[in-house]
Amino acid sequence: MASSVEPTTPRVMAQGLTSASKASTARRALRLARRKPLGAVGLGLLAILCFVAAFAPLLAPHDPYESISGARLLSPSFEHPMGTDNLGRDLLSRIIHGARISLLIGVFAGALGTVGGLVVGVVSGYAGGWVDSAIQRVVDSMMAFPGLILALTLVATLGPNLRNVMIAIAVGSIPGTSRVIRGAVFSVKEEDYVSAARALGAPGWRVAVFHIIPNVMAPVLILASVAFGTAIIAEASLSFLGLGAQPPTPSWGVMLSGPSRRFMTDAPWMAVFPGLAISLVIFGINIFGDALRDVLDPRLRG
Amino acid sequence: MSNYWTKRRLSRRTVLRGSALSGVSLLGAALIGCGGDDDSPSGGTSTATGGGSGVVTTGTPAPSADANVKRGGEVILAGGDLQRLDFQATISTPTQNASSLVYSRLVRYDPYTGANDYGIIPDLAESWEVESDRITFHLKQGVKWPNVDPVNGREFVASDVQYSYERVATDGPEWVHAYKMDPISSIEAPDDYTVVMNLSRPSAGLLSDLASGQGMGLVPRELVEADGDLDTRWIGTGPFMLDRWEQGNRIRFVRNPDYHEDGYPYVDAIEWRFITDSSTNLANFIAGQLSYYALPSLEALRQVQSSTDAMVQTFANLGGTHKMFNVREDGPNPALADVRVRQAIDYALNRQDILDFVLGGDGNIAGPVMPVGYGDWSLSPDEIAELHPENLDEARALITAAGADGLTIEHDYGNTSAFSEDEAPIMQQQLARVGIRLELLPRERTVYLQAQVDGNFSFQGIGMGGYPDPDNFLYPVFHSTGSKNYGGVDDPELDARIEEQQGILEHEERVEFIKNLDRDWKDYLYRIYTVYPNTHQAWSSQIVNPFQPKGWDWRGLQAVAFK
């Protein structure tokens with residue numbers, strides 16, 4: 001009997017643990033949502049953005065590029081809930097497809113900027129000495145430029161397209177991110193477990209990767225959420241200035257630029273709905289980021 | 001579906017009717033401005049070319065001033081700043097427009113003929129004879145330069161004309177209007193009141209070029225010799241004198257008491273404020289701060305009509321954005337050297353959709369070189385529609401025949417052009433239907449212009465103004481030696497036809513020749529013309545004798561007065 005029970009026991013126990021863990025996670029998430037309702041709203045808005053972006057072709061009632069005959073500058077109606085633009089294109093469909101671009105930019109530029117900042121910050125903070133000084137002088141010089149100006153310069157140099165916009169936004173966010181992470185690394189590297197790892201002979205890279213980085217993840221996650229929102233706004237700003245996504249790409253920034261300004265008095269919906277989409281997503285990201293900070297930052301825990 | 005826009009949009013029929021009536025409405029607006037008095041300043045006009053070789057053509061004298069018109073007041077306009085004052089050495093439009101108030105020419109356009117009718121009336125020449133090998137001008141006698149140093153009120157004479165046009169014809173890149181002097185082999189002044197221009201070739205468009213406000217003003221030799229150029233002072237025989245030019249702020253003119261057309265000008269001063277922002281100008285016009293406003297859009301037109309009792313004039317715009325091919329065999333896209341590919345693109349376009357989407361129906365469809373509304377020179381809208389129909393099957397067949405299936409074309413345009421920004425995506429959709437992929441490349445203006453000059457483009461949107469003579473739409477652009485032949489056109493047959501029309505002095509014969517060239521344009525198609533917008537301009541309801549500025553000539557302001 002014992003031999004027939006023994007092989008199944010760990011699996012049963014594991015299943016039991018998993019179920020208990022799932023239930024516990026769900027309960028914790030629910031508790032968290034109750035405690036941070038705004039954060040839950042933010043997460044909900046982000047979830048909607050992801051859903052809309054993922055299923056854009058299925059959700060959009062029209063081709064976002066198609067000019068519909070006789071549909072120029074139609075005000076919002078049942079057929080076109082957000083109206084049409086000056087080229088007879090359905091605005092709802094363009095905003096739905098625009099979510100893909102915003103998500104793409106937010107995720108890739110945000111991730112690239114955060115990872116870049118993490119690497120620079122950890123190397124600078126952990127190495128210290130002249131390496132830190134050298135890196136920080138470069139960071140200082142980059143921070144002398146406002147982020148958008150830096151991104152504008154890079155896009156103007158590299159050429160206006162979405163890939164270059166992502167690179168420019170990411171590079172523009174590296175200095176600020178790295179400065180925060182460097183500070184976190186300074187405090188973590190003095191911890192006993194880091195000293196213990198060093199004393200056991202762990203090489204520097206191992207200490208950084210396995211002991212420093214995991215313990216600075218709280219600020220990294222918060223910075224990532226900020227970078228996500230900043231990237232979306234930066235893309236909209238660059239596109240608005242004609243240096244981001246190019247027409248006829250249905251980017252929210254492109255939709256806010258040229259034609260919507262020209263037709264502001266006759267067709268305000270051309271500017272209102274893309275503006276609303278940007279505002280909602282940024283609002284969602286900000287309140288989610290705030291909640292994340294409250295949860296992850298030990299100093300802010302009740 | 002009914003909504004704000006569709007309730008108000010203009011149908012094509014309405015627009016065409018509006019265009020057809022524009023000439024009438026323009027004149028009507030002028031008469032309305034006259035308050036019922038028969039004080040229209042318009043006199044009879046002659047066309048630029050009338051009569052064949054050796055036939056005398058004389059302009060009708062300009063009308064005399066009306067003693068009953070109220071005098072005084074100051075007309076306020078808005079526009080861009082001048083690049084420099086020396087109008088003979090710049091193409092700056094504000095410079096040309098402003099100089100037309102100070103400097104007279106031999107002949108000028110009648111500002112009160114129908115829209116886009118460049119009828120010519122006398123200015124400093126009271127009559128002229130056009131022949132195949134020369135034009136002889138007989139000057140008005142007793143015309144004085146202003147009584148200021150260095151001209152000190154001396155009489156205007158034939159040698160002034162000789163000097164002015166020899167200066168325009170100076171060799172060098174600065175002398176941007178020299179090409180207009182190309183047909184002239186020499187200028188003689190047999191006496192003080194006669195100017196003879198000997199021609200190296202017959203030139204049907206020369207008289208019209210001389211009437212243009214672009215670089216053709218007559219200047220005194222003493223002024224240029226004293227100052228070195230015209231950048232310091234302006235001294236002319238026009239209706240106004242330059243009072244002050246405050247760069248970045250305004251330019252102001254005051255009445256010339258010695259003006260040679262008695263009784264003019266009616267107003268005391270003209271001020272051009274350097275404001276180019278259209279919304280600011282719209283607000284200023286609605287607030288009564290401007291006497292004139294060139295409406296940039298239908299939306300602005302609606303606001304003016306709903307907020308003011310301004311006089312609005314509508315006419316076909318001869319300027320627009322052409323689509324220029326680079327047809328060089330070794331160009332970036334050699335497929336475009338094949339006329340069948342260009343024809344396929346032409347067939348794939350639905351011009352009515354472009355007109356509706358891009359201009360809200362407020363304009364005319366195009367196709368041939370000469371725009372609709374261009375006086376006698378235009379084909380009718382119906383004929384244009386027949387010559388340039390949408391035919392997707394034909395387009396696909398032509399692409400296949402040319403071996404260009406799967407063709408990709410880069411379409412670049414200046415990123416500040418609102419028209420191209422709207423038109424390009426529509427063309428992209430339309431060409432996709434026949435398997436042509438149009439890549440849109442909005443370019444920063446200097447990059448775009450450099451690509452144009454270098455011939456480093458495939459298919460470029462290029463803005464062109466309207467011109468008084470049809471030769472301006474042909475020779476500079478399509479002749480193998482033309483100064484604006486950026487697309488590398490080198491077609492001996494077309495060269496010959498362009499040269500031939502230059503030599504036809506008989507107006508009707510030339511009109512028919514140009515129309516036949518337009519009918520055959522499908523065999524050339526070095527540029528594609530899709531649509532032209534309408535132009536709307538508004539004059540304050542307080543203004544009498546509103547006019548249509550044309551050919552860089554604002555001399556009509558001499559007859560403008562306040563009620």
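**View 1. Fold of chain A.** From the N terminus on, chain A reads α-α-α-α-α-α-α-α-α-α-α-α-α-α. The model is predicted: local features need pLDDT of at least 70, side-chain atom pairs count only at pLDDT 80 or more, and totals for chains, interfaces and linings use all residues. Residues are numbered from 1 along each chain as its sequence is written, chains are lettered from A, and side-chain values use heavy atoms, without hydrogens and water. Chain A holds 14 helices and zero strands (DSSP runs: H or I of at least four residues, E of at least two). Its C-alpha trace spans about 75 × 65 × 35 Å along the principal axes.

**View 2. Burial and surface of chain A.** Of 302 residues, 44% are buried (under 20% relative accessible area, 1.4 Å probe, protein chains only).

View 3. A pocket is an open set of points on a 1 Å grid over the protein atoms alone, where a 1.4 Å probe fits, with protein on both sides within 12 Å along at least five of seven lines. The lining has 19 residues (an atom within 4 Å of a point). Nearest the centre lie A:Gly258, A:Arg261, B:Asn415, B:Thr416 and B:Glu421. Helices H11 (217-240) and H13 (258-262) of chain A and H13 (418-432) of chain B each give two or more lining residues. H13(A) gives the most, with three.

Definitions and conventions: Buried means under 20% relative accessible area, exposed over 50%, partly exposed in between (1.4 Å probe, protein chains only).
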